Amino acid sequence: MIEMLKRGSVALLVTVLLTACGTTVKRIDANETVDLSGAWNDSDSRMVAEEMIQDALSRPWISQFSAKSGHVPAVIVGTVRNLSHEHINVNTFVADMSRALVNSGMVDFVASSQERNEIREERKDQDLNAAENTRNAAGQERGADFMLKGEINTIIDAESNEQVRYYQVDLTMVSLADNRKVWLGQKKIKKFVKNSKLRY
Amino acid sequence: MPAGIRLAMFDRQTVGTWLAHMLERQTMTSSELSLRISILRTLLVLCCLMLGACALGPRQVSAVAHQLPTIGAERALLALQKIEPKQQDLAQYLLDAGVLKQLNGDLAGSNADLQTAKGIMASLQAASVSENLGALTVNETFRSYAGSPSERVLVHYLLALNYLQLGDLDGARVEMLQADVTMKAVADTDSLRGQLASVNFLSGVVYELNDEFDNAMISYRRALGIMDARQQPIPVALQDSLLQISQRQGMLDEYQQYTKRFSRQARLLQPGDRELLVFYADGNVTSKQQHTIPIFSPQHRAYISLALPYYPANNYRPRPLILSLAGQSYYTEVIENIEQLARKDLADQLPVITATTLARAAIKYQAVRAAQNDNNGLNAMLLNIGMLISEQADLRSWNILPSSLQVARIPIAADVDLSQVAWPAGRSVVSLADFVFNRGRNKALVLVSSNLEREVSQSK
């Protein structure tokens, strides 16, 4: 009996050790927050987008513009500068915001300057190659009424193996007609990160 | 006695009991026990021999670094890519690969390698129990390579230059902010450990290109403070930066101090003038070597040998990049002497390395003595050989790095035709056009060059 227990224990130990060596993959919900390093991650991006969308849609700039002009405002995404301590992909939350605003039906988004060049090339190609009744003419582009600009800033305070990471995202909607800032959105995120002093 | 030492001495009874348990036996005859201990010791010797081979990768990397000036960056990269780094040497390998890719013009590839190396070095700042135990009992190469304080800061410098060349000013700014955090993390109250004038100067330039003149001034002041503390001559580029920004920002008292100290006024650009910011890398830093020092141990009444790293004597003399513009010659000047920095970093680390080496030598000596006491001459001899072979100094360093970093700020009058300028080989006015950033009425041009890059393109 004792022999069997011993053999079983050794087998279990070997199994545990071998299991520990392999790569494991676990699928998780896209909305689940997993903080690994303390750096900017998908959850921060999502939180910023949600906050900004809610704020942008609840402010009077859309209704005021629509009432005055008779159509929904067209917005173009300008530069969102990353002035933080990290290489952050700002496109993720800008894309989230654009999608939510367009889907709300209260705002139109027009293509950015880079995207426009590609579309104009395609239009030129249509002029040469597409059937006449399917061609899209040049000079019919919708001009934007507002430009969305912004920046991400950070303050890092570190001592030994502890860090406080403060992120501030500021977005501004600027009227292209008269340079008025019609909406200012801001989201702050603060994290306390403590790294282990020991590793295996 | 600590557990590690007891283990290293291979206490006969402990090992015998352990073997008996492993073989599910309650008792074991004396001859069986001796045989198994012999097997175990032989295995240990083999382990030591294999561990001796662990230093092979870093030695191969050092050989590539040594050959770089003669074979050029392209062939050096091919040679490096044939080496398979061990996990604990990965950061060193990637740092070297990152520089070689930069020299070969593969800036995206260079960024990928340097970013990975940076992440590895950051994750290795926590002390490892197993690596320290390995370093204490076998040799220093058991520790994962985490870079010296200067290397951890310099990686941001190289990345920022890559981002500038890619036209990504925000990316360069991120690296400079990270460099600031790293410099604070490695700072020591009694020394200038990890504080680099070159990185602060580049920070100043990046802030200036971003129109953040207050931040630029802070960085230039720091660069000046570091160079003063190191009693180094202040390059004209840094003098110009301090004069120009202090005057621009209306810091009149400070401006007067600089005019007095540098004996000249700020050199202001006229509308339409351009300014060429040159970041030049000269030479290739010396690699570490090993020397063995026999030391008499009064405690053991025997000589024990210590394997320690050192930098061989080097008579490096910085060579400037000379640029001829509109009939006038301009020279780059040294802002960071990496040769000296590397030696200083090693000198700072040497007391800890020596203490660990001494402790390890004592442990190994005890192990051999224990084998001799067993009256097993063959085992003792094999163990002795194994211990000697495994005793190797850690010669790893970021050894594909320039010997010096040099800078220059060169005004280019509006009427000078850039296509008529004799740019360094490997650089042309076309590639420079990518680095132009708008700066009000003037434009800044950034030129990143290396003597290794030049020599390669000249040899083609």
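Which strand of chain B does strand 6 of chain A pair with, and in which sense? Strand 6 of chain A pairs with strand 1 (residues 127-128) of chain B, in the parallel sense, over two bridges. Two strands pair if DSSP finds at least two bridges between them.

This is a predicted model: local features need pLDDT of at least 70, side-chain atom pairs count only at pLDDT 80 or more, and totals for chains, interfaces and linings use all residues. Residues are numbered from 1 along each chain as its sequence is written, while chains are lettered from A and ligands numbered from 1 in the order in which they are written.

**Figure 1. Chain A and its elements.**
Chain A has five helices and six strands. Helices (H or I, at least four residues) and strands (E, at least two) are DSSP runs, numbered from the N terminus. From the N terminus on, the order is α-α-α-β-α-β-α-β-β-β-β. Chain A has 200 residues, and 18% of them are buried. A residue is buried if 20 or more other C-beta atoms lie within 10 Å of its own, exposed if 12 or fewer, and partly exposed in between; C-beta atoms are placed from the backbone. Take the contacts in chain A with a separation of 6 or more: 65% of them join residues 24 or more positions apart. Two residues are in contact if their C-beta atoms, placed from the backbone, lie within 7 Å.

**Figure 2. The open sheet of chain A.**
Five strands of chain A make up an open sheet. Their order is 2-1-3-4-5, and the pairing is mixed. Strand 2 (108-110) and strand 5 (181-194) of chain A are the edge strands, each pairing on one side only. From one strand to the next, the twist averages 25 degrees. Strand 1 (residues 74-83) and strand 3 (residues 146-159) of chain A run parallel, joined by seven bridges. Here A:Ile76 stands opposite A:Met147 of strand 3. Helix 4 (residues 91-103) of chain A lies across strand 1 and strand 2 of chain A. This helix runs at about 135 degrees to strand 2 of chain A. Axes are lines fitted to C-alpha atoms, for helices over the stretch in contact, and angles run from 0 to 180 degrees between N-to-C directions.

**Figure 3. The hairpin of strand 3 and strand 4 in chain A.**
Strand 3 and strand 4 of chain A run antiparallel, with 14 bridges between them. A:Asp157 has A:Val164 of strand 4 as its bridge partner. The hairpin has two residues between the strands. A:Ser160 lies in the loop between strand 3 and strand 4 (162-175) of chain A. Its phi is near 55 degrees, a positive value in a residue other than glycine. A:Ser160 is exposed, with 9 other C-beta atoms within 10 Å.

**Figure 4. Where chain A meets chain B.**
In chain A, 17 residues are in contact with 15 residues of chain B. Helix 1 (2-21), strand 1, strand 3 and strand 6 (198-199) of chain A each supply at least two residues of the side that touches chain B. Strand 1 of chain A gives the most, with three residues. This side of chain A divides into five nonpolar, six polar and six charged residues. Ala, Val, Leu, Ile, Met, Phe, Trp, Tyr, Cys and Pro count as nonpolar, Asp, Glu, Lys and Arg as charged, and the others, Gly among them, as polar. Across the two chains, A:Arg199 has B:Ser128 of strand 1 of chain B as its bridge partner.

**Figure 5. Two helices of chain B.**
Chain B has 17 helices and 10 strands. Of its 460 residues, 41% count as buried. The axes of helix 12 (residues 236-248) and helix 13 (residues 252-262) of chain B come within 9 Å and cross at roughly 150 degrees. Helix 12 and helix 13 of chain B are therefore roughly antiparallel to each other, a term for angles over 145 degrees. Residues in this contact include B:Leu242 and B:Leu243 of helix 12 and B:Tyr255 and B:Phe262 of helix 13. The contact residues divide into five nonpolar, four polar and one charged.

**Figure 6. A loop residue of chain B.**
B:Ala326 is in the loop between strand 5 (322-325) and strand 6 (328-331) of chain B. Phi of B:Ala326 is near 50 degrees, a positive value in a residue other than glycine. With 12 C-beta neighbours inside 10 Å, B:Ala326 counts as exposed.

Conventions:
Angles under 35 degrees count as roughly parallel, over 145 as roughly antiparallel, 65 to 115 as roughly perpendicular and the rest as oblique.
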